[in-house]
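Please look over the sequence and the structure below. A short briefing follows, grouped by topic.

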Amino acid sequence: MKNRRQEAILEIISEHFVSTQEELIMLLEQRGIKTAQATLSRDIQQLSLIKQRNDRGEMRYTLPISAVKEKTLFQDAVLSVDYAMNTIVLKCRAGMAQGTCAAIDSVNHEGVVGTIAGDDTIFILVRSEADAKKLSKKFKSDLFPGR
């Protein structure tokens, strides 16, 4: 449920101008997702959403630039995602691992202890196997949307 709700939040803020949590709750309800304000606040924090001012001075929820860069770079560079125990392995196009790793680091994913990149491989050490499974699933959904 949490993953579905958070995916819906990301879709909503990319499709609509959302300036308050109340608006976001209403738009989620229109999609059949009921949520409490406290839960939404946690989701906003976990997704690293920020409020950004547009050219008319209006505030809206959006992803930080670093998250947008990570997703774009990720889709261009990463060929596969796998994990073993509490380590995630990303196979990348030759020469793209270090830049991709830096973009991943800039987002501060939950549970990540550290990363290391070579020329075409990234190792991500996370706190538990559950964290590895969760983050691998997120990376795979970024890499293969709709699967």
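Predicted model: local features only at pLDDT ≥ 70, side-chain atom pairs only at ≥ 80, totals over all residues.

**Helix α5**

The buried residues of helix α5 (residues 97–107) are Ala-97, Thr-100, Cys-101, Ala-103, Ile-104 and Val-107. Buried means under 20% relative accessible area, exposed over 50%, and partly exposed in between (1.4 Å probe, protein chains only).

Residues are numbered from 1 along each chain as its sequence is written, and side-chain values use heavy atoms, with hydrogens and water left out.

**After the helix**

- Asn-108 follows α5, and its phi is positive, near 60°.
- Helices (H or I, at least four residues) and strands (E, at least two) are DSSP runs, numbered from the N terminus.

**Thr-121 in strand β6**

- Thr-121 lies in strand β6 (residues 121–126).
- Its relative accessible area is 12%, so Thr-121 is buried.
- The side chain of Thr-121 makes a polar contact of 3.4 Å with the side chain of Lys-91.
- Another polar contact, of 3.1 Å, links the side chains of Thr-121 and Asp-120.
- A polar contact is a pair of N or O atoms within 3.5 Å; within protein, one must be able to donate a hydrogen and the other to accept it, and residues adjacent in sequence count only if both atoms are side-chain atoms.
- Leaving aside neighbours within four places in sequence, Thr-121 is in contact (heavy atoms within 4.5 Å) with Val-89, Leu-90, Lys-91, Ala-97 and Ile-116.

**Leu-79 in strand β3**

- Leu-79 belongs to strand β3 (residues 78–84).
- Leu-79 is partly exposed, with a relative accessible area of 45%.
- Not counting residues up to four places away in sequence, Leu-79 touches Lys-91, Cys-92, Arg-93, Leu-143 and Phe-144.
- From Leu-79 to Cys-101 is 22 residues in sequence and 14 Å in space, C-alpha to C-alpha.

**Helices α2 and α3**

- The axes of α2 (residues 21–30) and α3 (residues 37–46) come within 11 Å and cross at roughly 100°.
- Axes are lines fitted to C-alpha atoms, for helices over the stretch in contact, and angles run from 0 to 180 degrees between N-to-C directions.
- α2 and α3 are therefore roughly perpendicular to each other, a term for angles of 65 to 115 degrees.
- Gln-21, Leu-24, Ile-25 and Leu-28 of α2 meet Gln-37, Leu-40, Ser-41 and Ile-44 of α3.

How values were computed:
Parallel < 35°, antiparallel > 145°, perpendicular 65-115°, else oblique.
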